[in-house]
Structure formats: structure tokens, C-alpha cells
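Please keep the sequence and the 3D view open while reading.

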Amino acid sequence: MNKIMCRVIMGNLLLMFLVVLCEERCTAVSTSLNYTKMYSRQVSSLRLDRIHRHLDKINKPPLLTIQSPDGDIIDCIHKRKQPAMDHPLLKNHKIRRVPPALPKSTKKGQRTNGSTTSVDGWKGVWQTWHQNGQLCPKGTLPVRRSTVHDVLRAKSLFYFGKKQFPNFLPFSPTRHSGAHPDSDTDSDPPDLLSGNNGHEHAIAYTTGSDEVYGAKATINVWDPSVDELSEFSLSQIWVLSGSFDGSDLNSIEAGWQVSPELYGDSRPRLFTYWTSDAYQATGCYNLLCSGFVQTNSRIAIGAAISPVSSVAGNQYDITLLIWKDPRLGDWWLGFGDNTLVGYWPRELFTHLADRATMVEWGGEIVNSRANDEHTSTQMGSGNFAEDGFGKASYFRNLEIVDSDNSLTSVRDIKTLSENANCYNIQNSYNEQWGTHFYYGGPGKNPQCP
């Protein structure tokens with residue numbers, strides 16, 4: 001009774017606060033925002049109470065709270081209290097104590113060209129919340145706290161932290177007339193299923209039908225401008241299996257993204273996603289639902305990455321590895337050379353419980369066509385692929401994991417973009433970067449109206 005009354009009172013106070021907030025621009029949320037759209041919504045005390053109840057499920061009681069310089073609140077929660085443990089399929093799940101065997105590399109001495117810097121080493125400060133020098137204590141996990149404002153920016157409570165079916169369906173292996181293959185191929189390029197829903201891509205993808213048990217890449221990190229609150233720009237790896245007809249696709253994803261709607265600012269952030277039913281009901285971003293089991297005490301999924309690359313300046317990148325544990329069948333996320341972040345238990349999936357059948361690497365943006373014009377939301381660095389190193393964003397050292405739990409350089413890939421006048425991609429190969437590509441673009445320009 002007291003708790004309900006307290007929430008009603010707080011809800012009414014928050015409603016009054018939101019009325020004032022609606023008169024302010026989103027730049028009040030963060031000094032790094034590059035969008036100026038306003039959002040306002042009538043919020044009833046009943047709806048606020050539903051939001052609070054939902055947040056109570058995903059914001060677990062912290063043993064320690066860390067205030068990040070960028071405004072994020074990082075809660076250090078006990079590892080056994082993390083959201084994953086609420087999943088009905090994980091009711092009796094025991095968190096893995098023995099780490100899986102890392103995939104064996106078949107290429108030794110892989111080096112960069114000396115002009116890039118990895119931001120995923122533990123000795124450096126690479127997430128903004130690390131800057132004050134405080135870390136979560138042993139036995140706890142850093143989790144970015146979700147707020148009422150985070151939920152209110154979403155289209156609804158149901159869609160908070162979720163991709164919306166069918167907008168986010170990745171590419172199926174059938175031809176689409178709107179696609180632009182950037183390299184010759186004897187096989188059909190992926191079908192851009194989301195092309196009519198405002199989503200545009202510049203990707204590389206595997207073409208063979210061999211069994212795949214993981215993928216790896218090093219991804220250049222930038223802070224692209226995002227034009228509208230509802231748009232985003234991301235660079236990621238997709239590990240896929242199942243059918244592409246919108247019914248049972250399984251997907252595991254990781255990368256960096258700028259999403260004002262999800263995070264309230266324009267900073268690039270480490271993110272994950274998973275689904276076992278083509279984004280219809282299962283899965284979510286980061287730890288915004290139960291599923292992904294985090295094991296690392298220093299990485300906060302959803303937290304901002306810092307520093308980022310600049311044109312003609314320092315180039316920063318992160319290395320991500322997604323692979324299937326050959327012994328227990330869980331899909332693990334690796335960061336950097338040998339750091340484990342956590343895993344997606346095999347119980348979450350149908351097709352991926354066995355193996356993957358396709359991998360995609362690349363960029364994606366949302367084009368909402370405000371004012372009936374193409375968005376100016378940037379992909380990657382905002383420069384086209386042909387601008388090359390120091391200007392265009394890149395993925396380098398593309399690899400896949402085979403059935404022997406070995407990493408091999410990907411040689412047989414194809415590239416594709418829906419609208420090369422807005423965003424494009426160019427791939428290549430050399431000894432230092434292996435298979436790699438530059439990608440991205442500015443969006444709206446004279447050739448992309």
C-alpha cells in the first residue's frame with residue numbers, strides 16, 4: 001500500500017517534470033548530442049507505475065553504484081542476480097565457471113599497419129565509466145541502469161530495448177531488385193528484406209554453405225551524426241541461422257551503435273542483441289531482458305566507448321569474437337584478444353543450438369525520410385569507402401570459426417549496399433589486415449536526395 005502510494009505521488013511529480021522537460025531540447029540530456037529534436041508525451045500515473053514495475057525487473061539491487069562522467073549510472077550487481085537468471089529456460093542454469101577453449105588461430109603474427117590503436121586492452125581506459133578509476137568489486141557485474149526517460153523515448157514499453165519486427169530482418173539469400181552488389185558474384189546477393197522499412201546497409205557476407213561456428217573482426221570506432229531521435233547508426237557482426245521468411249530466424253549480434261532513442265545521447269556504445277524468432281518476441285539489446293549471461297566484471301554492455309577515431313587523426317578499433325563453445329554449445333562473446341564478456345546459453349536458440357549458416361559484417365542506419373528527404377544520418381565515419389584509411393571506417397581481419405574450433409581468414413565474401421550513392425563498401429585483402437573493407441557514407445547529398 002505504501003509502495004503504491006509512493007509511486008503514484010512520484011509519478012505525478014515526474015509528470016510535472018516531464019511537462020517542463022518537453023520544452024527543453026534533447027541536448028539537455030548530454031553535451032555530446034548531435035540531434036535537436038524534441039520529444040513529448042502525456043504520461044499517466046498508471047503508465048508510470050507499469051514502467052517502474054518493468055524497471056524493477058531489469059534494474060537489480062546494486063552492491064555498489066558508479067556515476068559515469070557521461071551521465072550513465074553503472075550498478076554493480078551480484079552475478080547471480082543478473083537479468084539472465086530470470087529467463088524461464090534458464091531456471092536451473094548454473095553460470096559457467098570454466099571458460100571455454102578459445103578458437104585456435106591459424107595465422108600468427110597478425111599486425112596492424114601501426115596507425116591504429118586498439119581500445120579494448122585492460123590497461124587503458126576505453127569505456128567512459130572507467131575514467132574515474134572505480135571498478136565493480138569481485139563477484140559483481142557492471143550493468144548500465146535503465147531509467148524512466150529511456151523507456152519513454154521508446155515507441156512503447158513492449159518495444160523498449162527491442163528491435164521491431166519486421167524492420168530489422170537481416171538479409172536472406174534471394175535476389176532483391178533494389179540491391180546494389182558492389183562486387184561481381186555468380187550467386188544471388190542477400191535479399192534486403194528491410195529495404196522498404198527505412199533500413200539501409202553496407203555489408204560483407206559469407207557465400208558458402210559450410211557450417212559456421214563463429215565470426216571475428218576488428219571494427220573501427222567513430223561517432224557518426226544521427227539526424228532523428230528514432231534513427232540510429234551501427235557497425236556490427238551478425239551470426240545467423242534459420243529461415244529468412246520472418247518466422248524462425250536465429251541471430252546473435254555485437255558491435256557498436258549510436259542510438260539516441262535507446263541511450264539518450266550520440267555516443268558510440270558497445271552493444272549486443274539476440275533473437276530466436278526473427279525479432280518477433282524473443283531477445284533484446286544488451287541486458288534489457290533475460291538471456292545473455294555476463295561473466296566479466298569490467299565491461300558494461302551498453303556503455304560508451306572512448307576514445308573514438310577522427311578524420312586524419314588517431315584511428316581506434318575494437319575486436320569482437322562470437323563463437324560456439326564446442327563442449328557445452330553456448331555462444332560466447334569475446335572482446336579484444338582473449339577477454340570473455342559472457343555468453344548466450346544454447347537453450348535460447350533453435351537453429352543456432354546447432355550451428356550458424358551465414359555471417360554478415362558491416363554498417364546499418366535507419367532512414368526515416370523526414371520531410372520526404374533522405375536522412376543525413378551518417379554510417380561509419382560519414383565518409384565513403386573510397387576515401388580510405390583515416391577518413392572512411394573499416395572492418396579488418398575478418399575471420400570465421402570452423403567445426404574444428406579454428407579461426408580462418410574469410411576469403412570468399414561478397415559485398416552489398418542498397419544505395420551506393422548514400423552509403424557504399426569496398427573490400428580488399430593484404431597480409432596485415434587480411435580480408436577487410438571500408439564502408440559508410442554521409443547519407444543525404446546531391447546524388448542521394
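A pocket is an open set of grid points where a 1.4 Å probe fits, with protein on both sides within 12 Å along at least five of seven lines. The model is predicted. Its second largest pocket holds about 430 Å³ of space. The lining is made up of 19 residues, and those nearest the pocket's centre are Lys79, Ile95, Arg96, Arg97 and Thr295. Sorted by class, the lining has 7 nonpolar, 6 polar and 6 charged residues.

The table lists its pairings.

| Partner of strand 17 | Sense | Bridges |
|---|---|---|
| Strand 8 (residues 214-220) | antiparallel | 4 bridges |
| Strand 21 | antiparallel | 3 bridges |
| Strand 18 (residues 406-409) | antiparallel | 3 bridges |

Single residue pairs can be named for these partners. Arginine 396 in strand 17 stands opposite threonine 218. Serine 393 has tyrosine 439 in strand 21 as its bridge partner. Isoleucine 400 stands opposite threonine 408 in strand 18. Strands 17 and 18 form a hairpin with 4 residues between them, and asparagine 405 in the turn has a positive phi of about 60°.

Threonine 435 belongs to strand 21, which spans residues 434-440. Is threonine 435 buried or exposed? Its relative accessible area is 3%, and buried means under 20%, so threonine 435 is buried. Apart from neighbours within four places in sequence, threonine 435 is in contact with residues including Arg396, Asn397 and Leu398. Ser409 is also among its contacts.

Note on methods:
Residues are numbered from 1 along each chain as its sequence is written. This is a predicted model: local features need pLDDT of at least 70, side-chain atom pairs count only at pLDDT 80 or more; totals for chains, interfaces and linings use all residues. Side-chain values use heavy atoms; hydrogens and water are left out. On a 1 Å grid over the protein atoms alone, a cavity is a set of points where a 1.4 Å probe fits but cannot get out, and a pocket is an open set with protein on both sides within 12 Å along at least five of seven lines; lining residues have an atom within 4 Å of a point. Grid points are joined across faces, edges and corners, and a volume is the space filled by probe spheres set on the points. Ala, Val, Leu, Ile, Met, Phe, Trp, Tyr, Cys and Pro count as nonpolar, Asp, Glu, Lys and Arg as charged, and the others, Gly among them, as polar. Helices (H or I, at least four residues) and strands (E, at least two) are DSSP runs, numbered from the N terminus. Buried means under 20% relative accessible area, exposed over 50%, partly exposed in between (1.4 Å probe, protein chains only). Contact means heavy atoms within 4.5 Å. Two strands pair if DSSP finds at least two bridges between them.
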